[in-house]
Amino acid sequence: MAAPDGKALFPNEGDHLTLPSPTVTKERSTPGERKITPKPKPYLQEQGKSLINQLSISIRIAQIYDRENSVFLKQMENLFNLVSSLLEKEQVLNINSKQGYLFVNEARLKFSLDGYVASKFIMETFRKFGFESLLIDTPVSQQEIDEFIFILAQANAEGEDPFERLQNKLLSSNLQHIRIEKFASDWEMGDDSSPENQKKQAKRRFFKTISVAQEMVESVKTGRSINTTKSKRAIQFLIDQLIKNETNLMSLTAIKNFDEYTFAHSVNVCILSVSLGARLGLSKGKLSELGFAALFHDIGKVRLPLNILNKPGELNEEEWMEVRKHPVFGVKTLLSKRSIDRFSTRAMVVSFEHHLKPDLSGYPPLSFKKGINMCSRIVTIADVYDSMTSGRVYTKTPMIPDEALRKMLQEEGKAYDPVLLKVFINMLGIYPVGSVVILDTGEVGVVMKANPVELSRPEVAIIADSTGKKEKIDTVDLTKTDEATGKYTRAILKTIDPRQYDLDIARYIY
Ligand SMILES: [Fe+2]
Ligand SMILES: [Fe+2]
């Protein structure tokens, strides 16, 4: 059997397996771009402006009336309804005031004359208290909205450090789903007009998410509560980035030689899971939950002894017994969060199930039969793939990407959901990004971008010509044909292990 372009799935190994046709139609636009159904958000512009207006009215009313007054209560109800309807679509609301503009999430609001006064008032409020970002997270309550507006309206911006004083008041009021931040983070509004800038933005978001993952782990270790607003926001940015340009983020997951690989692993699993979820047509809300759960899938490992986690050699049986506790530790850690919402419940399920196989073998051992949640089945595949190709988590020697996929296919059905696995392979291509390949021209290349239509013809950066010269020469599309003969100019002969040739693929991906 053959892949869609007539080649055996793993031609260099003579394997005979068939891939399903892609489940989601990919738009192939300009070379270098691959998209997952971009969704414009006109509602953000309209509802964003209403939000600014309602915020402005609410603060002014709260400056005049007391908290029990019916005018205040009625206005708070209006504001809460608007916030809730936006949160249903966006999960986290990030209102920024920056360089004379207001933004709601990534939409820059354009005010006409009638909205001008409200926008100026809100910008002035942000300015005088010295914050650039107001974050509202799901599931914010009516009570929290009332409390926040009341505190903000009554706060005094005169004197030293008004930000600090306001921040302290908000923190002591136990507002779990509303926070202010001094600076709007620079990962939101970069210039992404050129492919080069898009690449930079993807990189910045990738590393920022790694630092969020690192921060979460530190919080758990030191007994502080997990700041899930930050992680939800990070995931939202990753999803937006994946919608804009999937290739850039996906290629970053191919780099495994980070010092702090543990955190990069969580982010890689998050990116791979969300990309797979997007191909299954999950809504943005569901993708956020999936991404969140993926980011936290191994959170239980913070409770494992360091000597086991960092052991350079193979683990003995006793140490394995400890490692097998991390899914349950994960649930316990997430349960200790101050508030439980649908994100944390989803994350608990995924933490518990991500090492369970479809036949319920794996761990933790179960004394009852149950189906495995789809998010867990997705995360399992992304987790195993990233672990195998990194050689850091469960095996000490990294596998090359196509070898890892082949191994996973061999266990298909027993260890993984077979349909999800096929969609996953279809997504990565039979030569995943970061694979090092030998071409029939004698050249050596690094796969930069999968081709969802012709799986064996990805885009490849040529890093050595047939004489063995090691230089990045050009990126070529293997679907290119010779004008005169109509034949393909290049084809992949086989994949090689970059370590054997002392190649650092990160150099080509950055
Ligand atoms: Fe795990
Ligand atoms: Fe993992």
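Visitor: Why does F343 count as buried?
Guide: This is a predicted model, where local features need pLDDT of at least 70, side-chain atom pairs count only at pLDDT 80 or more, and totals for chains, interfaces and linings use all residues. Residues are numbered from 1 along each chain, chains are lettered from A and ligands numbered from 1 in written order, and side-chain values use heavy atoms, without hydrogens and water. Buried means under 20% relative accessible area, exposed over 50%, partly exposed in between (1.4 Å probe, protein chains only). F343 has 1% relative accessibility, so F343 counts as buried.

Visitor: What makes F292 and F343 an edge-to-face pair?
Guide: Rings of Phe, Tyr and Trp (its six-membered ring) pair if their centres lie within 6.5 Å; planes under 30 degrees apart count as stacked, over 60 as edge-to-face and the rest as tilted. Here the centres are 5.5 Å apart and the planes at 80°, so the pair is edge-to-face. F292 and F343 are 51 residues apart.

Visitor: Why is F207 called partly exposed?
Guide: F207 has 31% relative accessibility, so F207 counts as partly exposed. F206, at 0%, counts as buried.

Visitor: What makes K232 a charge over the ring of F343?
Guide: The rule asks for NZ of Lys or CZ of Arg within 6 Å of the ring centre and within 35 degrees of the ring normal. K232 lies over the face of F343, at 4.6 Å from the ring centre.

Terms used:
Helix = DSSP H or I, 4+ residues; strand = E, 2+ residues; numbered from the N terminus.
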